[in-house]
Amino acid sequence: MGKLNVSLCGIPLDNPVIPASGTFGFGYEFAELYDINVLGTFSFKGTTKEPRFGNPTPRIAECTAGMINAVGLQNPGVEKVISEELPKLKKCFSKPVMANVSGFSVDEYVYTCEKIDKCEQVGWIEVNVSCPNVHGGGMSFGTSPEAAAEVTRAVKAVTTKPVIIKLSPNVTDIVSIAKACEEAGADGISLINTMLGMRIDLKKRAPIIANKMGGFSGSAIFPVALRMVYQVSSAVKIPVVGMGGVSSADDVIEMMMTGATAVEIGAANLIDPFASKNIIEALPAAMEKYKIASLSEIIGAAHV
């Protein structure tokens, strides 16, 4: 059997499959269905300094080969995540977990990351820079190299765990943003977050989503994600975690050949709660099919 193990920012993973933040809760919900220790790890629900109720409903719209969501980072806040959610997770997950952190100011990112960094269970901190900068005109931190680098530097100054910056695809030049994060001290880059999309209710003649627009995810965005992972992994020396429309073992292999060290599974978990488990179980046969002895050897294999 081929070797599935990889190393992400110096931390070993039994396999490269990681359920993406916002699609796997805090893990213990899925542990009622199967042993989640089969996963490489998972990125838990996006966590902010203060509790967030999220956006008004409706928050979900179906699309061909995908979905749009505007949940709005609903979470209990970092204090309760540490005091309530992580102890529940510890009962069913024995591996280091990836913490996903969001913020609406640099100070919020710093506060939340510093708190999360002290948690023994946390292996990596995935920093979502797709949030609107409330002190900078409302534009996302991830839309400019300068703003993304500012968040990266500030978070790195108060943390000891590997920091992975999660980038938005809703930009004209994702490579310059990734390079700025690397120069600011990021230990890794993850991409892509959801794309911006919308749907119209033809009977009401109005947007389906209460927020009008939301994050478009699902298999339809896979080619865009591959392109961006290829571009970024070609430009930086730090590990890249690829995601966006991954829904099969073949997709995982393709994403890794494009340059990803590990691969996050997002919308597929919402369609089938066993998706990540099934993909892991299908990897050995896919590796045999493509004559792959070790997944770690194919990272970036498509770069020519």
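Strands here are DSSP runs (E, at least two residues), helices are DSSP runs (H or I, at least four residues), and both are numbered from the N terminus; two strands pair if DSSP finds at least two bridges between them. The model is a predicted one, in which local features need pLDDT of at least 70 and side-chain atom pairs count only at pLDDT 80 or more, while totals for chains, interfaces and linings use all residues. Residues are numbered from 1 along each chain as its sequence is written, and side-chain values use heavy atoms, with hydrogens and water left out.

Within this pairing, I165 stands opposite I189 of strand 9. Follow the chain from strand 8 through helix 5 (residues 174-183) to strand 9: this β-α-β crossover is right-handed (with the strands pointing away from the viewer, the path from the first strand over the helix to the second runs clockwise).

Next, display strand 7 (residues 122-128), which runs parallel to strand 8 and is joined to it by four bridges. N128 is found opposite K166 of strand 8. Now colour strand 8 (residues 163-166) by accessibility: V163 and I165 on one side, and I164 and K166 on the other, are all buried (under 20% relative accessible area, 1.4 Å probe, protein chains only).

Move to the open sheet of four strands, which has the order 4-5-13-10 and antiparallel pairing. Strand 4 and strand 10 (195-197) stand at its edges with a single partner strand each, so one side of each has no neighbour in the sheet. Strand 4 pairs with strand 5 (residues 66-69) over four bridges in the antiparallel sense; select I60 to find its bridge partner, N69, in strand 5.

Then show the aromatic side chains; the structure holds six aromatic pairs (rings of Phe, Tyr and Trp, the latter by its six-membered ring, with centres within 6.5 Å; planes under 30 degrees apart are stacked, over 60 edge-to-face, the rest tilted). F24 and F30 are stacked, at 3.9 Å centre to centre and 20° between the planes, and both are buried. F42 and F93 are edge-to-face, at 5.3 Å and 65°. F42 lies in the loop between helix 1 (28-31) and strand 4 (60-63) and F93 in the loop between helix 2 (78-90) and strand 6 (97-101), so this pair ties together parts 51 residues apart in sequence. F24, F30, F42 and F93 form one aromatic cluster.

Technical notes. Buried means under 20% relative accessible area, exposed over 50%, partly exposed in between (1.4 Å probe, protein chains only).
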